[in-house]
Amino acid sequence: QVQLVESGGGLVQAGGSLRLSCAASGRTFSSYAMGWFRQAPGQEREFVAAITWTGSKIYYRNSVKGRFTISRDNAKNLVYLQMDSLKPEDTAVYYCAAGSAGVVTTDYVYWGQGTQVTVSS
């Protein structure tokens, strides 16, 4: 069992940066790939980034490549999403998830409650 809690969301102007954190509890955290998803109002939840349990493989959706960076610290049970050059279209609730490093929601077993990111123009 893994419990996930996101933090770090907020309101930022376009071009700004935010760093999301996901704190995991549970002894098996390091055996899971971790992903970030987001969901805007009226939209489906979409893949943002994923990292394997060793950190050796990382995946991004095309629209965030070069702007977002996913990382993890297995010793601290933490996953991060550094978001730079933010755009208004990045506005969404961001979710942390633990699973198998896929790009669809069904690849993940455990989910956090989400943190709101709002980018003003």
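This is a predicted model: local features need pLDDT of at least 70, side-chain atom pairs count only at pLDDT 80 or more; totals for chains, interfaces and linings use all residues.

Student: Which residues form a disulfide, and how far apart are their sulfur atoms?

Tutor: A disulfide is a covalent bond between the sulfur atoms of two cysteines. The cut-off for the sulfur atoms is 2.5 Å, and the pair that forms the disulfide is Cys-22 and Cys-96, with a sulfur separation of 2.1 Å.

Student: What is the handedness of the disulfide between Cys-22 and Cys-96?

Tutor: The handedness is taken here from the torsion about the S-S bond of Cys-22 and Cys-96, which is about -80°. Because of that torsion, the disulfide is left-handed.

Student: How many residues apart in sequence are the parts that this pair ties together?

Tutor: Cys-22 belongs to strand E3, which covers residues 18-25, while Cys-96 belongs to strand E9, which covers residues 92-99. The pair therefore ties together parts whose separation in sequence is 74 residues.

Student: Is Cys-22 buried or exposed, and what about Cys-96?

Tutor: A residue counts as buried when its relative accessible area is under 20%. Cys-22 has a relative accessible area of 0%, and Cys-96 also has a relative accessibility of 0%. Cys-22 is therefore buried, and Cys-96 is likewise buried.

Student: Which strands stand at the edges of the open sheet of four strands?

Tutor: The open sheet has the order E1-E3-E8-E7, and its pairing is antiparallel. Each edge strand has a single partner strand, so one side of it is left without a neighbour in the sheet. On average, neighbouring strands here are turned by 15° against each other, direction ignored. The edge strands are E1 (3-7) and E7 (68-73).

Student: What is the bridge partner of Asp-73 in E8?

Tutor: E7 pairs with strand E8, residues 78-83, in the antiparallel sense over six bridges. Within E8, the residue that partners Asp-73 is Leu-78.

Student: What is the phi of Asn-77, and where does this residue lie?

Tutor: Most residues other than glycine have a negative phi. Asn-77 is not a glycine, yet its phi is positive, at about 55°. The place where Asn-77 lies is the loop between E7 and E8.

Definitions and conventions. Residues are numbered from 1 along each chain as its sequence is written. Side-chain values use heavy atoms; hydrogens and water are left out. Helices (H or I, at least four residues) and strands (E, at least two) are DSSP runs, numbered from the N terminus. Buried means under 20% relative accessible area, exposed over 50%, partly exposed in between (1.4 Å probe, protein chains only). Two strands pair if DSSP finds at least two bridges between them. Axes are lines fitted to C-alpha atoms, for helices over the stretch in contact, and angles run from 0 to 180 degrees between N-to-C directions.
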